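Keep the structure open beside you as you read.

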Amino acid sequence: MTALVTTLVAVLAAWALAFAGAPLLVWTAAIGVLLLALKGLGLIGTTAFAIAGTVFVALALLLNLRPLRRAVLTAPIFGVFKKVLPEMSSTEREALEAGDTWWEAEMFRGRPDWNKLIDFKYTALTPEEQSFLDNECEELCKLCDDWKIEFEQKDLPPEAWAYIREKKFLAMLIKKEYGGLGFSANAQSAVVTKLATKSITMAVTVMVPNSLGPGELLMHYGTDQQKKQWLPGLVDGSELPCFGLTGPEVGSDATAMPDLGVVGYGEHEGKKVLGITLNFSKRYITLAPVATVVGLAFKLRDPDGLLGDKSKSEYGITCALVPAKHPGVQIGRRHYPGAAFMNGTIHGKDVFIPVDWIIGGPAMAGKGWRMLVECLSAGRGISLPALGTAAGQTAYRMTGAYGRFRRQFKVSIGKFEGVQEATGRIGGYAYTLEAMRVMTASAVDHCAPSVVTAIAKYHMTELMRKIVTDGMDVMAGKAIQQGPRNFMATAYKATPVAITVEGANILTRNLMIFGQGAIRCHEYVFPEMEAARENDLPAFDKLLFGHIGFSVNRAVRAFTLGLTGARLARSPVDGEMAPYFRDMERFSAALAFCSDLTMGVLGGKLKFLERLSARLGDVLSQLYIASCVAKYYLEGPKTEAELAHARWALDHCLYEIANAFDGFIRNFPVAWARGVMRLVVFPLGNRFKPVSDRVNARVADLILEPNDVRERLSWLVFVNGGEHDPVGRMEHAWKVSQDCEEAYLKFFKLANKGELAGDTVADRLRDAVTRGLMTREEADQADTYDKVRYEVISTDDFSKEYIAGNYDAERAEVIEMAAVRARVA
């Protein structure tokens with residue numbers, strides 16, 4: 001009995017030490033105490049104790065005396081590690097080193113410090129930024145008619161271009177000391193989101209110079225002379241920038257860039273100067289057709305060592321600023337990517353520029369890729385996520401209103417369970433998008449989080465795709481019939497643009513999120529790689545044994561938390577959010593363990609097993625998304641409606657995490673590792689299910705009603721366009737419904753029962769008043785409601801002349817047809 005108790009105590013003690021992550025010295029002391037206890041209890045004899053003690057002392061010395069450990073254990077492992085360490089191109093290395101790690105690192109390391117999340121402060125909008133949203137953004141939206149922009153003009157109207165320049169919309173990120181607006185990332189995100197609810201073309205036009213463009217590169221890397229030369233024009237709009245990176249032969253793999261610059265002497269402004277002869281061909285360049293200054297990325301070659309380093313002829317990717325009218329530069333024809341924003345090609349043959357035109361001067365030759373990656377990672381967290389959020393906010397506000405007004409089988413379609421399946425998703429996704437937007441943009445204000453911004457770009461644009469598709473399904477014919485009344489069609493057409501640019505989503509998911517996150521966010525992997533490259537055995541030894549302890553701890557934690565339903569996990573709060581925090585901690589530990597085991601078993605092969613790494617990336621992403629949602633709920637009013645949306649979003653995240661783990665484990669190529677990971681991650685099976693019908697229905701009901709969460713989730717939607725604006729028309733009808741719907745429903749029930757005489761709504765209302773079934777005021781309210789309801793569900797139609805492009809001659813007919821429809825209604 002004593003032996004059994006002792007064994008049980010020893011196992012529990014070892015388990016507790018592993019769960020707590022005790023250091024090696026504590027383990028050594030604990031094993032020593034165990035041996036002494038066994039001897040003292042008489043459970044082992046003198047001879048056995050002597051043998052065990054000798055082995056223990058030898059191992060203790062070997063593991064704890066670092067010089068001995070390095071010589072006997074670590075040095076052979078170090079040699080093997082250096083041999084199997086995968087090759088890393090300069091492009092990959094610069095991408096890895098660019099930017100910072102942030103909250104995603106806490107989620108990746110398996111034991112998140114929740115206080116960092118709770119204490120993190122969203123970036124508050126300044127009075128100046130809020131005023132810009134309330135005034136300048138409103139005015140710019142009023143200047144733009146999305147239908148005319150996309151169908152008729154294929155461009156913003158001249159007055160909108162002038163207003164954009166005048167009010168410095170293109171200079172939001174340029175600091176005030178240079179004349180710019182100096183807005184925070186959160187403010188820039190809010191501006192782009194609001195503009196996108198009115199016009200995708202307007203939003204893209206504004207966001208690109210504030211995302212990846214000469215302005216940001218100059219702010220970070222430009223020489224004083226370059227800033228003095230270019231920033232004033234970029235601020236007042238007299239200079240319109242674009243940036244040429246992508247070409248016919250180069251997309252995601254910048255090392256394949258064929259665009260070349262060769263250092264040599266040439267003539268500039270009548271003088272012989274040291275410069276670069278450029279040959280390039282770029283495509284998909286936003287603002288290229290109207291640009292006055294072109295940022296160019298190219299490979300730089302210096303065969304004669306004229307830049308000062310005779311031993312270096314290949315400098316790699318370099319960035320320069322070139323006036324669009326410079327000799328040899330050719331602005332090509334426009335692309336048409338499904339939206340009317342300016343996008344086109346740029347070509348150059350034997351274009352000679354001074355070396356001083358390199359952004360940052362000659363000292364920055366060859367450093368262009370790192371410059372681009374650092375700027376792109378920040379912009380990626382602002383611009384495209386803002387488009388996704390705009391789709392979410394618009395769909396939430398508009399499908400809710402439409403689902404209330406549109407009736408089939410005498411019932412509002414928003415009450416049908418089939419429709420609610422889609423509107424519930426719209427509500428949950430919209431909540432997720434706004435939570436991610438404010439969290440990620442605020443993070444960009446604090447640092448340059450490269451992995452977080454990749455997560456935001458991929459998942460927020462994918463949610464945009466889903467939410468727009470659901471919105472199209474709900475509104476059906478209203479959504480597919482294009483015209484001035486349609487607020488969905490442009491987003492539907494433009495969604496692939498957001499998914500494709502700044503790193504196509506296939507690339508972002510399969511290569512960037514986990515590929516970059518596993519190395520940058522892991523506490524040991526990147527330092528171990530650096531120690532190997534620097535041949536630093538002492539550093540590698542310390543990291544290696546720390547890594548082993550880390551892996552054991554995360555395995556035990558993941559298994560224990562899985563076995564106990566995460567009840568032993570920590571939560572920084574009590575109440576409704578506590579179980580979600582505990583589940584996140586459980587899956588964080590499981591991610592850390594599976595990542596370590598995977599990298600240990602597969603090594604460099606993992607780089608080419610994109611399906612596997614993408615699934616681990618999905619786990620990391622959904623952990624980050626869940627963190628955003630929980631934080632957003634805690635920062636909000638915590639109402640019942642808010643809780644319903646947060647539950648939907650968090651239930652969805654946890655299901656996606658479990659689903660990603662399941663797919664990862666089932667497809668892992670090594671059988672024994674599959675078994676180990678299945679046991680650790682799901683010791684009692686996978687209990688995580690999709691969002692329940694009950695939770696989904698609650699969100700779908702709320703989307704139909706006026707409530708606090710509706711306003712919080714659609715606060716950036718431009719609603720003041722008037723009754724002839726597609727969103728404004730719906731907004732007007734929504735406001736009318738608050739006062740008149742009760743009267744209309746009374747009339748609707750009487751009419752459906754066959755109690756009212758007459759063939760038209762007007763006749764039936766007259767009969768209702770005459771017979772005393774409704775008051776005059778009720779009849780007027782019902783009539784008003786019915787008219788706005790009909791306007792909301794109506795779609796556009798056109799003459800063949802208008803469709804053929806004869807806009808001016810046919811505009812009067814379009815207006816007249818609208819008037820006829822109104823009279824008929």
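This is a predicted model: local features need pLDDT of at least 70, side-chain atom pairs count only at pLDDT 80 or more; totals for chains, interfaces and linings use all residues.

Leaving out neighbours within four places in sequence, Phe 661 is in contact with Phe 587, Ala 590, Leu 591, Cys 594, Leu 616, Val 619, Val 681 and Phe 682. What surrounds this residue on a wider scale? Phe 661 belongs to the largest nonpolar core, a set of 235 residues. Along with Phe 169, Leu 195, Leu 387 and Met 577, Phe 661 touches the most other members of that core. The element that gives the most to the core is helix α26 (residues 640-666), with 15 residues. There is also a second, separate core of 14 residues, and among them are Ile 519, Val 525, Ala 532 and Phe 550.

**A buried charge**

Phe 550 brings us to our next stop, as Asp 596 touches Phe 550 together with His 522, His 547 and Ser 551, again not counting residues up to four places away in sequence. You can find Asp 596 in helix α24 (residues 578-602). Which side chain of opposite charge is nearest to Asp 596? It is Arg 554, 7.6 Å away. A salt bridge needs a nitrogen and an oxygen within 4 Å, so Asp 596, although buried, has no salt bridge. Asp 596 does have a polar partner, however: its side chain and that of His 547 are joined by a polar contact of 2.9 Å.

**Charged pairs**

How many salt bridges does a search of the whole structure find? The total is 37. Here are three of them to look up on your screen.

| Salt bridge | N to O distance |
|---|---|
| Glu 711 and Arg 397 | 3.4 Å |
| Arg 710 and Glu 711 | 3.5 Å |
| Asp 780 and Arg 776 | 3.2 Å |

Take the pair of Glu 711 and Arg 397, whose side chains meet in a salt bridge. This pair links distant parts of the chain, with Glu 711 in helix α29 (residues 708-713) and Arg 397 in helix α16 (residues 383-405), 314 residues apart. Are these residues buried or partly exposed? Glu 711 has 40% relative accessibility, so it counts as partly exposed. Arg 397 has 6%, so it counts as buried.

Glu 711 has another partner, Arg 710, with which it also forms a salt bridge. Arg 710 counts as buried because its relative accessibility is 1%. Arg 397, Arg 710 and Glu 711 are linked with Glu 731 in a network of salt bridges.

Asp 780 counts as partly exposed because its relative accessibility is 39%. Arg 776 is partly exposed too, with a relative accessible area of 46%.

**Two residues in loops**

Finally, turn to the backbone. Lys 154 has a phi near 55 degrees, a positive value in a residue other than glycine. Look for Lys 154 in the loop between α9 (146-153) and α10 (158-166). With 28% relative accessibility, Lys 154 counts as partly exposed. Asn 535 is also a residue other than glycine with a positive phi, near 55 degrees. Asn 535 is found in the loop between α22 (525-533) and α23 (537-563).

Key. Residues are numbered from 1 along each chain as its sequence is written. Side-chain values use heavy atoms; hydrogens and water are left out. Helices (H or I, at least four residues) and strands (E, at least two) are DSSP runs, numbered from the N terminus. Buried means under 20% relative accessible area, exposed over 50%, partly exposed in between (1.4 Å probe, protein chains only). Lys and Arg count as positive and Asp and Glu as negative; His and the chain ends are not counted. A polar contact is a pair of N or O atoms within 3.5 Å; within protein, one must be able to donate a hydrogen and the other to accept it, and residues adjacent in sequence count only if both atoms are side-chain atoms. Contact means heavy atoms within 4.5 Å. A nonpolar core is a set of buried Ala, Val, Leu, Ile, Met, Phe, Trp, Tyr and Cys residues joined through side-chain atoms within 4.5 Å.
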